[in-house]
Amino acid sequence: MGEFKVHRVRFFNYVPSGIRCVAYNNQSNRLAVSRTDGTVEIYNLSANYFQEKFFPGHESRATEALCWANGQRLFSAGLNGEIIEYDLQALNIKYAMDAFGGPIWSMAASPNGSQLLVGCEDGSVKLFQITPDKIQFERNFDRQKSRILSLSWHPAGTHIAAGSIDYISVFDVKSGSAIHKMLVDRQYMGVSKRKCIIWGVAFLSDGTVISVDSAGKVQFWDSATGTLVKNHLIANADVQSIAISDQEDSFVVGTAEGTVFHFQLVSVTSNSSEKQWVRTKPFQHHTHDVRAVAHSPIALISGGTDTHLVIRPLMEKVEVKNYDAALRKITFPHRRLVSCAKKKQLLLFQFAHHLELWRLGSTVATGKNGDTLPLSKNADHLLHLKTKGPENIICSCISPCGSWIAYSTASRFFLYRLNYEHDNINLQRVSKMPAFLRSALQILFSEDSTKLFVASNQGSLHVIRLLEGSFKHLHTFQPQSGTVESMCLLAVSPDGNWLAASGTSAGVHVYNVKQLKLHCTVPAYNFPVTALAIAPNTNNLVIAHSDQQVFEYSIPDKQYTQWSRTIQKQGFHHLWLQRDTPITHISFHPKRPVHILLHDAYMFCIIDKSLPLPNDKTLLYNPLPPTNESDIIRRRTAHAFKISKKYKPLLFMDLLDERTLVAVERPLDDIIAQLPPPIKKKKFGT
Amino acid sequence: MVQLRPRASRAPVSASAMVDEGQPASEEEAEHGLLLGQPSSGAAAEPLEEDEEGDDELDDEAPEELTFASAQAEAKEEERRVRETVRRDKTLLKEKRKRREELFIEQKKRKLLPDTILEKLTTASQTSVKKSPAKLKEVNLQKKNEECEKGSDSKKAKEKVQKVQTVGQNKSYLAVRLKDQDLRDSRQEAAKAFIQNCLYGPGTNRTTVNKFLSLDSKRLPVKKAAAQFLNNAWGSQKKQNAKRFRRRWMVRKMKTSKK
């Protein structure tokens, strides 16, 4: 492992948007998460919590409700009054349908998955029938006086509970009329507070309705008589979300103070049949409001304004105490937001609605290993490129020579030509993009910046030749017939001959760019691909999967390399396999072909293929050997994985030239400083 | 109306004006009228104000003697004058309204696209309705298109707001009736304001980010600096003034340099 000069970049001012809703799908073990900017993300909980799909946000589409229905279909509804269904294969919006009831606050799918219920601003509850390719309005329930903020179905599908402001209504589904109206006490610790907002309701099969409200109460109601059965005051602030397990023996609530409480149905005395709801465990993993919770069979899932998605496995539900039982906290997207023009030392940062182009600073000072060098020239903010329209940016890329920028939103593709004249920069949009280039999931420039590769959401791959200020469409690789899966990751070989593309589940396809045909397909693996790269000279394709496996596949030979076979035979180190953030970027050293550089959010690693592999007894995270240590001892402790955890959270790391690295960090404190204000809490001794 | 009483005693003259006015549309409006001593019809404004001033002067002097007959005559004259001004104002207002109406109609005509293009548009949207529905927002679009058609067929000139962004046969345009969009936007804004008020409004016991971050650093053995040093809200008025001054100064400089 050599020594590097590292550009430590901390000016990427990225703030993830807060989580608004989470919805867990038991069938496929997937989690849908919607954020306040309208983005919807799909996490695969069985593939090491990898964020495998995402739908870009939209300014006017503030999502307020999210639910799975009819197996694998995902619906969302929001304040623009539309119900949206997502196409999980093609990764776009199937259709948007106006519910004609004003902004929608809540949505619930019926237990058998054939009906959808929405609660609107004007106090109406609307029932929709889910047909195979659409939804159809069926009827309105009795209109209430104020907005319907929460909805829940009885597991038998005969009744529903609707939470509004100051009261909960129970409806009979058959007749559509309200049979009970349960008034909620506004009093809060003896003081009459403002209106009491019912943030969430849950209907149990024995007829109990559980409500959570803005006065900090969790209340149990008997829906048959419309009376209050039990009251838990759990917070000084709003209780904002509730989720119940399928067995109805435990539920979870989230409060504005950031605490998540677990309630369980336990026997009153040992070996008695009488059971009681008891507040068992509080968890404080959030600093801000917990706007959404979900309950999977083995874990509590929560998300909120502080942008973390927290997955807390329940110890009593976990059989084997392995690393799956550990807490997961997902903060950053599992895709790349930074691209780098190596030759010009430029970084392109992608935000929701704009791009920023920065030139790295430089230094003339020299120092010892570990020194911080003073900058002689500060980093330059060259360009701030705002998108037109309300759509979020899906992906962006800067060419290696730094003279092209491409980005895409859900409906448009933009290509810009940059001209540098001394300190001035001249931006010119390439107009008249062809009709097939409407939206891209991934964009990549070839190493010599003469070709542009675009993965569109119909599954096709476009190859475009770039000329001075114009372009020419060369070829389109159509997806294999019968598959509609779109490609999410691209990699091109440095000599420009090979293009590798991978979707979310099927294997990696390798195309020959010169002959414009499919060369081979790497066998599919159970876990989704998180990063791809092709090594220079040898044309070995390195693939990282979400379970931290790394494969090396020789493209010319169409087989796995010897090193890859060896490491698969021996297995990776157990600590390596327990890492919980996916590898998001792979690169290579131009002069040392045996090195593979890769990183995830909390570490940077150089794999030296010439060194022996570590077994489970050796130390994986070796500290840097002190310089005075003798060479022999160093050689004895050395193994192939050189890991540095100095830079974290790490969003991007790449090699600029042989001796220079650039690392883009995003400290969590900087993110917190830009979030909305949290609830005030008194801490002793402050 | 409860609020009105104390104010009425402060300005006693306007009591009669309030009766004339009848039911004020809202409390604010009534208040406004009272403070200025000016009923919303705007007719008896000047004489009333004069009266007020006269009263003030009279306070200093001894009261003047007046016969009943002369006072009655004066009052009648006053009443007549007021009535006349009201009538005159009404006619003036009517005239003004008429003129504005005419202007509007003329403007609408000028704004409206030529008939040929409109016809082309309606036929185009009809064909698009017949076509099998595409993916995105088609339902929405259709509905709006139909509404547009109805509007344009029945009352072309009277149509309140109808704007067509681009014209053409291809799908590069989107026909939207702005009236509906405005309604929807305003409802969305109201909903957003509601949620904002619920979560961060008064009485929600929120702290600031700076105080929140300082809680941790207070308990740490190593004290750190605050996350945000500057309060941007400080001296905002002064900053604004300075900005305005600078702009004026630059304009002045430019003018002088041109000379």
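I started at A:H509 and listed what it touches, skipping residues up to four places away in sequence: A:Q480, A:M487, A:L499, A:A500, A:A501, A:L518, A:C520 and A:T521. Contact here means heavy atoms within 4.5 Å.

Before going on, I noted that this is a predicted model, where local features need pLDDT of at least 70 and side-chain atom pairs count only at pLDDT 80 or more, while totals for chains, interfaces and linings use all residues. Residues are numbered from 1 along each chain as its sequence is written, chains are lettered from A and ligands numbered from 1 in the order in which they are written, and side-chain values use heavy atoms, with hydrogens and water left out.

**A:H509**

I found A:H509 in strand 46 (residues 508–512) of chain A. Helices (H or I, at least four residues) and strands (E, at least two) are DSSP runs, numbered from the N terminus. Buried or exposed? I get 9% relative accessibility for A:H509, so it counts as buried. The cut-offs are under 20% relative accessible area for buried and over 50% for exposed, with partly exposed in between (1.4 Å probe, protein chains only). Its side chain makes a polar contact with the side chain of A:T521 at 3.2 Å. For that I need a pair of N or O atoms within 3.5 Å; within protein, one must be able to donate a hydrogen and the other to accept it, and residues adjacent in sequence count only if both atoms are side-chain atoms. I also checked A:L490, 19 residues apart from A:H509 along the chain: the C-alpha atoms are separated by 9.7 Å.

**A:S396**

Next I looked up A:S396, which lies in strand 36 (residues 395–398) of chain A. A:S396 counts as buried because its relative accessibility is 11%. Its side chain is joined to that of A:Q350 by a polar contact of 3.1 Å. Leaving aside neighbours within four places in sequence, I list A:S339, A:L348, A:Q350, A:L355, A:A406 and A:Y407 in contact with A:S396.

**Helix 1 of chain A**

Which residues of helix 1 (residues 562–570) are buried? I get A:W563, A:S564 and A:I567. Seen down the helix axis, the buried residues fall within an arc of 100 degrees, so they line one face of helix 1 of chain A. The arc is taken from the directions from the helix axis to the C-beta atoms. On the face turned away from that buried side I see the exposed residues A:Q562 and A:K569. The buried residues pack against several strands of chain A, among them strand 50 (550–554) and strand 53 (595–599). Just after helix 1, A:G571 takes a positive phi of about 90 degrees.

**Chain A against chain B**

I count 47 residues of chain A in contact with 32 residues of chain B. The two chains bury about 3,400 Å² between them, 58% of it on carbon and sulfur atoms; this is the accessible area (1.4 Å probe) that two parts lose on being put together, summed over both. How many salt bridges cross the interface? The rule finds three, requiring a side-chain nitrogen of Lys or Arg within 4 Å of a carboxyl oxygen of Asp or Glu. One I noted joins the side chains of B:R184 and A:D98 (2.2 Å, N to O). On the chain A side, strand 9 (92–98) and helix 4 are the elements giving two or more residues. Strand 9 supplies the largest share, five residues.

Last, I looked at helix 9 (residues 209–219) of chain B, where B:V209, B:F212, B:L213, B:L215 and B:S217 are buried. Their cover includes helix 4 (668–672) of chain A.
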